[in-house]
Amino acid sequence: MRSTRHLPLRLVPVLGLVAALLLPLLGLSAPAHAAPTGFRIENGRLLEASGNDFVMRGVNHAHTWYPDRISSLAHIKAKGANTVRVVLSSGDRWTRNDTADVANVVSQCKQNRLICVLEVHDTTGYGEQSGAVTLSRAADYWLSVQSALSGQEDYVIVNIGNEPYGNTNYADWTADTKAAIQKLRGAGFDHTIMVDAPNWGQDWAFTMRDNAASVFAADPDANTIFSIHMYGVFDTAAEITDYLNRFVAAKLPIVVGEFGHDHSDGNPDEDAILATAQQLGLGYLGWSWSGNGGGVEYLDMATNFDPSRLTSWGQRIFNGANGIAATSEEAAIYSSASS
């Protein structure tokens, strides 16, 4: 199209009006929202701003409980991961991660060429877990650290709240998730937003599955990705493939945001999780690098945060079939721009 730079100024608004009138006649439509500044969702896929299809391959790191283990990010990258999901706290249940700390986490992720998924853990099991807070409260936390995240849309995905409902009143998840997304958008967050399922993340009642389309539609930026956590509820390949395929068929973006090889509520089929994610081109983030307690220490991938001492679970997810080392591809942003 010819530039309007040298046209008389009085003609520019006229041309705009003509274009607006012609678009419907040509079967075209104007963009519904501004072009994304970083990651975006298109046809159910997570894309970088460049258009590169990005598939998360990584693990969770319990930063808020082990702030002195920031070197774990380098160790996780060295094992082949392209993404790390970082546990943060709003200060309601654990020590608050302030703006400076969040900025440092983002900086360390970028230095190690990792995509950074940041999550607030204080929402875990809301309605059932004593002390858990609402998604609205988590959204307020994101607003309070927004200065550490603005301009980082190429590198950071905001996971509003971890497992935001237990098994009580979980039907409220839909309205609360929509409201939290809109609160962030209204405050100027342009990032891809990740939302966890209720039922301790496992969505056994299918609240997220059956309402995902309306939640996605409620995001004015159309830039939300859904996260399912797979533990004992997902102990057969049939359950895993059915759940994930329903999202793919509906062109709704989905990632396995947490999973393990065993759990207190049953024995998840980790081989099927890994194989199905690879087959469908979906991201996965295993739980977790190190530091687990309360009887689930077997979910540690590295013994005492030592990257040279991988557990059997660590060996499986990093070096096994459909694992991170074999399937991970670094984000294109790190090849095209300096961090």
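Which elements cover the buried residues of α9? In this predicted model, helix α9, which spans residues 312-319, has Trp313, Gly314, Arg316, Ile317 and Phe318 as its buried residues, and what covers them includes β3, α2 (72-78), β9 (254-259), α8 (270-280), β10 (283-286) and α10 (324-327). An α-helix has 3.6 residues a turn, so residues three or four places apart point the same way.

The protein chain in which this helix is set has 339 residues, of which buried residues make up 50%, and its secondary structure comes to 11 helices and 10 strands. Of the contacts between residues at least 6 apart in sequence, 75% join residues that are at least 24 apart. The accessible surface of the chain comes to about 14200 Å², with 52% of that area belonging to carbon and sulfur atoms.

In soluble globular proteins, nonpolar side chains tend to be buried together. Here the largest nonpolar core holds 88 residues, and those that touch the most other members are Leu118, Trp142, Leu149, Ile160, Phe226, Ile228 and Leu244. Phenylalanine 226, one of these residues, is in contact with Trp173, Val195, Met208, Ala212, Val215, Phe216, Phe247, Leu252, Pro253, Ile254 and Val255, when its neighbours within four places in sequence are left aside. Val195, one of the residues that phenylalanine 226 contacts, belongs to strand β7 (residues 193-196), from which Ile193 and Val195 point one way while Met194 and Asp196 point the other way. In a regular strand the side chains alternate between the two faces of the sheet. In β7 the residues pointing either way are all buried, Asp196 being included among them. Strand β7 runs parallel to β6 (residues 156-159), to which it is joined by two bridges, and the bridge partner of valine 158 in β7 is isoleucine 193.

Several strand residues with polar side-chain atoms are also buried. Histidine 61, in strand β3 (residues 57-61), counts as buried because its relative accessibility is 1%. A polar atom of the histidine 61 side chain lies 3.5 Å from the backbone oxygen of arginine 69, and the contacts of histidine 61 beyond four places in sequence are with Arg69, Ser72, Leu73, Ile76, Val84, Arg85, Val86, Val87, Trp289 and Phe305. Threonine 83, placed in strand β4 (residues 83-88), has a relative accessible area of 0% and is therefore buried. The side chain of threonine 83 makes a polar contact of 2.7 Å with the side chain of asparagine 82, and, with residues up to four places away in sequence not counted, threonine 83 touches Phe54, Met56, Arg57, Gly58, Val59, Leu114, Ile115, Val117 and Leu285.

Arginine 40, in strand β1 (residues 40-42), has a relative accessibility of 18% and so counts as buried, the cut-off being under 20%. The side chain of arginine 40 makes a polar contact with the side chain of glutamate 42 at 3.3 Å and reaches the backbone oxygen of glutamate 48 at 3.1 Å. Between arginine 40 and glycine 51, which are 11 residues apart in sequence, the distance from C-alpha to C-alpha is 8.6 Å.

A disulfide is a covalent bond between the sulfur atoms of two cysteines. A search of the whole structure finds zero disulfides. Cysteine 109 counts as buried because its relative accessibility is 1%, and cysteine 116 counts as buried on the basis of a relative accessibility of 1%.

Most residues other than glycine have a negative phi, and most peptide bonds are trans. Against that background, the peptide bond from tryptophan 287 to serine 288 is cis, with omega near -15°, and serine 288 is found in the loop between β10 and α9. Asparagine 304 also lies in the loop between β10 and α9, where its phi is near 50°, a positive value in a residue other than glycine, and at 53% relative accessibility asparagine 304 counts as exposed. Glutamate 163, in the loop between β6 and α5 (173-186), has a positive phi of about 35° although it is not a glycine, and at 8% relative accessibility glutamate 163 counts as buried.

Conventions:
Residues numbered from 1 in each chain as written. Predicted model: local features only at pLDDT ≥ 70, side-chain atom pairs only at ≥ 80, totals over all residues. Heavy atoms only, no water. Helix = DSSP H or I, 4+ residues; strand = E, 2+ residues; numbered from the N terminus. Buried < 20%, exposed > 50% of the residue type's maximum accessible area, 1.4 Å probe, protein only. Polar contact = N/O pair within 3.5 Å; in protein donor to acceptor, adjacent residues only side chain to side chain. Contact = heavy atoms within 4.5 Å. Areas by Shrake-Rupley, 256 points an atom, 1.4 Å probe, with all protein chains shown as cover. Core = buried A, V, L, I, M, F, W, Y, C linked by side-chain atoms within 4.5 Å. Disulfide = S-S within 2.5 Å. Pairing = 2+ DSSP bridges.
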